[in-house]
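Morning, everyone. I will take the interface and then one of the chains. Please have a look at the model before I start.

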Amino acid sequence: MVDVSAVRDGRQLAVPDETGHFGSYGGRFVPEALVAAIDELTEAFHQTWDDPSFRGELARLLRDYTGRPSALTDAPRFGEHAGGARILLKREDLNHTGSHKINNVLGQALLTRHIGKKRVIAETGAGQHGVATATAAALMGLDCTVYMGEQDTRRQALNVARMRLLGAEVVPVTTGSRTLKDAINEAMRDWVANVGTTNYVFGTVAGPHPFPLMVRQYQRVIGEEARAQVLERVGRLPDVVAACVGGGSNAMGIFTAFIPDRGVRLVGFEAGGDGIGTGRHAATITGGSPGVLHGARSYLLQDENGQTIESHSISAGLDYPGVGPEHAWLHDTGRAEYRPITDAEAMAAFALLSRTEGIIPAIESAHALAGALDLGRELGAQMSQPPVILVCLSGRGDKDVETASRYFGISS
Amino acid sequence: MTALSDALAKARAEDRAALIGYLPVGYPSVEVSIEAMRALVAGGCDVVEVGAPYSDPVMDGPTIQAAAEPAVRAGVGLRDTLRAVSAVADAGGAAVVMSYWNPVEHYGVARFAADLAAAGGSGLVTPDLIPDEAGDWLAASDAHGLDRVFLVAPSSTDARIASTARASRGFLYAAAVMGVTGARDAVGDAAAVLVRRVRAIAPQIPVCVGLGVSDGAQAAQVASFADGVIVGSALVRRMLDSPDAAGVAGVRALAEELAAGVASRRR
């Protein structure tokens, strides 16, 4: 069942283990009421992952419905600003519904149908996962309820309307900080009460086992495609793979295929908000510490009492005080690096890609783009050849037009 | 033997179920919440479940959230919780802490166990820690002679009831309904069914039932089949309605009603 291995000290370390642990991270910190359901989900996931007919159905949907494989786009004019690095964009923004989220959701929705449940629930921050879940639910005839922090329903009003058009019920969450973390709490409460009829379609590589494993497996298609595309296009592997990290699903999606390629640097860019020093950020690995949140042990932002601290980011999709346990593991083992990107740096990269390449990225993805600008300049100074940097362009910026217009003072 | 085990044994000797009252620390203030816990003891609770406020309480419904949120914002943590434990113990009640796992892990599991024992606490109820992940806590609770209360739910398989009962000490917390905390109009059949299943699988450990009990009549009903009746949201509601001395008096009055309900069902 375990098919991704990290090598450390010359030993093969398979992650996660059978109980969902990545070293000391991951696991299941859940109410007992949910254990039977996540046991069932785990078993069904493994069974279907090894089932050619299930995988064939998923592959067909990814091709005919999502539009995979997604394109790999050279970004030379953008690259000029990255010390002349060759920047290659993995275009998850071109997927149906506009982000990588659909990859995971189609897998989990098929799984829901396989288990025989008729209702799905989901949390959403920026609305991308909610839109993807509402879409898959419409496609497969499932009832769908999406929990979204009230603050996010205002920041991402367009996506709220999209979900409702798709037939989903959107529940604004008014508890706690009224953002993604509280939407997850509310979805968990719904799940505890309705677990007999309802499957929780979780949006990222966090949460209790099997979600970190399952979501990674459904997202790894990103890196598998990209690795082959880069080899074909460039004739060698990239020097660096860059992705933004909130919960971390697009990053695990693009990193996984490259983990055994020891010469390829994997760099995750976290939301630095106003700057790590200000305390107003969502850079969980950079500025947090190990603990338990939302069903797994990983890094999180917490105060001296172990209470979760509210995160801050201009990007609703990265505005989360936790991160997937495999990222914590990759960080601690040194296989991946994590760096913060401030709101201002992300928005500068957002504008630059729009104007140099004619691609308006999601603000989430703009964090990876800003990181690529930094990496290109750093590596350009060290290498004789222009470095090759693969960037996961996880989503498109349509949903962010209003936020960006306000940020740049553009009148509509 | 902890004070909790003594209290359960005493209730059993009196041929009745035990009454366990829950209140969160820090609402409306640490001081007043401690007063309310003393009122629980005075009103007839055998055991006080001392709730540590937490920012992300996924097992709690709106009532307990409404009281815990301001406490979290005010910076109330496990240090205050331990102070409340001491106060309950001094008042003659058995105190168990109810805490989500991260505050305990952040405090340090071994250190928390030592400080809880020193404060006179009997043990810990862990709504989001299952025995599978509880290695550190099993060791620390053994080292300090503390009870550890894990939950079982109507959805638990027989195998999980068996393994959870084996890991538990003090009592097993049977979540009566599938859902979060909160007063309910009726206590469903699920609780009685669950208690019967637990008794058949693990006859040694006391089984206490929580989630939804709100008045003396419901308490009496649950007392007819469980070793203990756990009441939370209905008590918290008294404090939310009147977060002052009148609320404390309301808590005491409800505790008295519940205690009478529990005592009315001699078995």
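Buried area, as I use it here, is the accessible area, with a 1.4 Å probe, that two parts lose on being put together, summed over both. On that basis chain A and chain B bury about 2,800 Å² between them, and 48% of this lies on carbon and sulfur atoms. On the chain A side, E32(A), R189(A) and Q307(A) lose the most area to chain B, together 25% of what that side buries. Counted by contacts, meaning heavy atoms within 4.5 Å, 34 residues of chain A meet 35 residues of chain B.

A word on provenance. This is a predicted model, where local features need pLDDT of at least 70 and side-chain atom pairs count only at pLDDT 80 or more, while totals for chains, interfaces and linings use all residues. Residues are numbered from 1 along each chain as its sequence is written, chains are lettered from A and ligands numbered from 1 in the order in which they are written, and side-chain values use heavy atoms, with hydrogens and water left out.

Now chain B. Its C-alpha trace spans about 45 × 40 × 30 Å along the principal axes. Of its 267 residues, 63% count as buried, that is, under 20% relative accessible area with a 1.4 Å probe, protein chains only. Among contacts in chain B between residues at least 6 apart in sequence, 73% join residues at least 24 apart.

Secondary structure in chain B amounts to 12 helices and nine strands, taken as DSSP runs: H or I of at least four residues for helices, E of at least two for strands, numbered from the N terminus.

Methods:
Buried means under 20% relative accessible area, exposed over 50%, partly exposed in between (1.4 Å probe, protein chains only).
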